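Here are my notes on the model you sent. Please read them beside the coordinates.

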Amino acid sequence: NIGVFISRLASCKKRTGHLDEAIQLMQQSISILNQNLPASRSGLCSSLINLGDCYQEKGMFQEAITTLKECLVAQRSFLPPVHPDIGTALWNLGIAYRKRGVVKATKILRECLSVRERCLPPHHPDFTNVLRALGDIAFTTGEQYGEALQWNR
């Protein structure tokens with residue numbers, strides 16, 4: 001489908017540092033994919049995540065948060081509540097909040113950890129990033145050092 005093709009082109013632009021072009025192409029892709037719902041749901045979510053990443057790279061954190069929330073809402077509309085893609089959407093949103101303001105990031109990342117604990121095997125590598133991010137937040141916000149160590153287990 002043309003929306004997915006445009007999204008892939010936008011990803012290439014992003015990788016080569018052409019963020020403004022990537023953002024325009026992602027927005028175009030999302031518009032096209034929205035017209036083809038429900039068949040294009042996963043492509044739409046991928047485009048939303050990529051657009052959120054572009055916004056973050058440009059320092060446009062509020063736009064990133066809005067876009068990543070849209071992705072999470074979309075995924076929750078068609079995936080079971082305990083699904084790895086829901087965990088990934090929460091991870092992306094949590095990191096965007098972390099760059100913007102720590103309080104909301106902790107809540108989102110804890111929810112991400114909860115989802116991942118229920119849908120991934122116990123020693124899956126995705127746990128490491130979430131635990132490290134939670135530990136970093138605990139450390140930088142002055143939470144007790146013990147709590148930071150707990151998250152960085």
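The points below go from the overall fold to single residues.

1. **Basis.** This is a predicted model: local features need pLDDT of at least 70, side-chain atom pairs count only at pLDDT 80 or more, and totals for chains, interfaces and linings use all residues. Residues are numbered from 1 along each chain as its sequence is written, and side-chain values use heavy atoms, with hydrogens and water left out.

2. **Fold.** The chain has eight helices and zero strands. Read from the N terminus, the order is α-α-α-α-α-α-α-α. Helices (H or I, at least four residues) and strands (E, at least two) are DSSP runs, numbered from the N terminus.

3. **Overall dimensions.** The radius of gyration is 16 Å, close to the 15 Å that the globule rule gives for 153 residues, so the chain is as compact as a globular protein of that length. That radius is taken over C-alpha atoms, and the rule is 2.2 Å times the number of residues to the power 0.38. Along the principal axes, the C-alpha atoms fill a box of roughly 50 × 30 × 20 Å.

4. **Burial and surface.** Of the 153 residues, 44% count as buried. Buried means under 20% relative accessible area, exposed over 50%, and partly exposed in between (1.4 Å probe, protein chains only). The accessible surface of the chain is about 8,300 Å², and 53% of this belongs to carbon and sulfur atoms. Areas come from the Shrake-Rupley method with a 1.4 Å probe; for residues, only the protein chains shown count as cover.

5. **Contact range.** Take the contacts between residues at least 6 apart in sequence: 48% of them join residues at least 24 apart. Contact means heavy atoms within 4.5 Å.

6. **Core.** Which residues have the most contacts inside the largest nonpolar core? They are Leu 90, Trp 91 and Leu 93, in a core of 45 residues. At least two core residues come from each of helix H1 (2-15), helix H2 (19-35), helix H3 (41-57), helix H4 (61-78), helix H5 (84-100), helix H6 (102-119) and helix H7 (126-140). A nonpolar core is a set of buried Ala, Val, Leu, Ile, Met, Phe, Trp, Tyr and Cys residues joined through side-chain atoms within 4.5 Å. In soluble globular proteins, nonpolar side chains tend to be buried together.

7. **Leu 93.** Not counting residues up to four places away in sequence, Leu 93 touches Ile 65, Leu 68, Lys 69, Leu 72 and Ile 108.

8. **Thr 106.** This residue lies in helix H6. Thr 106 counts as buried because its relative accessibility is 13%. Neighbours within four places in sequence aside, Thr 106 is in contact with Leu 134 and Ile 137.

9. **Salt bridges.** How many salt bridges does the structure hold? There are five. The criterion is a side-chain nitrogen of Lys or Arg within 4 Å of a carboxyl oxygen of Asp or Glu.

10. **Lys 14 and Glu 57.** These two form a salt bridge, with the closest N and O atoms 3.4 Å apart. Lys 14 is in helix H1 and Glu 57 in helix H3, so the pair ties together parts 43 residues apart in sequence.

11. **Lys 58 and Asp 20.** Here the closest N and O atoms of the salt bridge are 2.5 Å apart. The pair links distant parts of the chain, 38 residues apart: Lys 58 is in the loop between H3 and H4, and Asp 20 is in helix H2. Lys 58 is partly exposed at 35% relative accessible area, and Asp 20 is partly exposed at 48%.

12. **Glu 111 and Arg 76.** Their side chains meet in a salt bridge (2.3 Å, N to O). Glu 111 lies in helix H6 and Arg 76 in helix H4, so the bridge ties together parts 35 residues apart in sequence. Glu 111 is partly exposed, with a relative accessible area of 30%; Arg 76 is also partly exposed, with 41%.

13. **Gln 27.** Gln 27 sits in helix H2. Its relative accessibility is 38%, so Gln 27 counts as partly exposed. Leaving aside neighbours within four places in sequence, Gln 27 is in contact with Leu 51 and Tyr 55.
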